[in-house]
Amino acid sequence: MKIRQGMTNDIETVAALHTMSWRTAYAGLMPDSYLNGPLLDERANLWRGRLTAEPRPGGDTASCLLIAEDGDAVSGFVYLFLQDDGRILLDNLHVSPELKRSGIGRRLMHRAFGWASANHPGRDIYLEVLRDNDSARAFYLRMGGRLTREFVERFPAGFDVDVVEYTWDPAAVSSVLAPDPVTP
């Protein structure tokens with residue numbers, strides 16, 4: 001498996017994985033009518049906008065899409081971008097449902113934190129996750145995330161979801177980047 005920088009020709013593949021991931025992970029957490037509706041078109045528009053937009057202030061270092069692939073198959077991706085408040089939002093981390101718990105998510109986070117540390121040293125990284133997405137929350141805790149906020153988000157489709165925020169301060173980011181300890 002290799003991890004590479006995402007490009008505009010990845011839009012459709014990333015949108016398809018994003019959609020499949022949401023339909024799997026959010027079943028029962030979001031309305032079926034939303035998950036089974038035009039979600040793929042919505043995700044494709046999101047990625048088209050992200051990957052073809054004019055560069056933000058900060059140029060090429062304002063955002064980063066990293067793609068994990070095995071041969072020609074995309075197995076996961078992570079997307080981060082610099083927020084106006086100076087923090088880095090890890091807005092998407094998705095792994096093919098059949099490959100979860102294989103280490104891909106950990107490798108993507110490690111590379112994402114490396115990108116953030118190289119391009120925006122000393123900044124907090126945070127993400128938002130559905131409160132009831134227990135497996136994702138457990139993963140973020142194992143990765144050293146600290147629960148920093150809880151709120152309700154209103155989706156444009158007209159429903160509310162409970163969300164929690166996890167944050168990694170610069171010291172926690174460094175600990176994720178530290179090599180795994182070698183055990184005898």
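**Exercise 1. Work out what covers the buried residues of α6 in this predicted model, and which face they line.**

*Solution.* Start with the cover: the buried residues of α6 have α4, β5 and β7 among the elements over them. Next, list the residues themselves. Helix α6 runs over residues 170-177, and its buried members are A172, V173 and V176. Now look down the axis of α6: these buried residues fall within an arc of 105 degrees, so they line one face of the helix.

**Exercise 2. Find the buried and exposed residues of α5, and say what the buried ones pack against.**

*Solution.* Begin with the buried set: in α5 (residues 134-142) this is A136, R137, F139 and Y140. Their arc around the axis is only 160 degrees, which means that they sit on the same side of α5. Then turn to the face pointing away from that buried side, where you will find the exposed residues D134 and S135. Finally, check the packing: the buried residues of α5 pack against β4 (88-95), α4 (104-119), β5 (125-130), β6 (146-154) and β7 (160-168).

**Exercise 3. Is M1 buried, partly exposed or exposed?**

*Solution.* First place the residue: M1 belongs to the segment before β1 (2-5). Its relative accessible area is 36%. Buried requires under 20% and exposed over 50%, so M1 is partly exposed. Leaving out residues up to four places away in sequence, M1 touches A68, E69, D70, S75, I104 and R107.

Methods
Residues numbered from 1 in each chain as written. Predicted model: local features only at pLDDT ≥ 70, side-chain atom pairs only at ≥ 80, totals over all residues. Heavy atoms only, no water. Helix = DSSP H or I, 4+ residues; strand = E, 2+ residues; numbered from the N terminus. Buried < 20%, exposed > 50% of the residue type's maximum accessible area, 1.4 Å probe, protein only. Contact = heavy atoms within 4.5 Å. Arc of directions from axis to C-beta.
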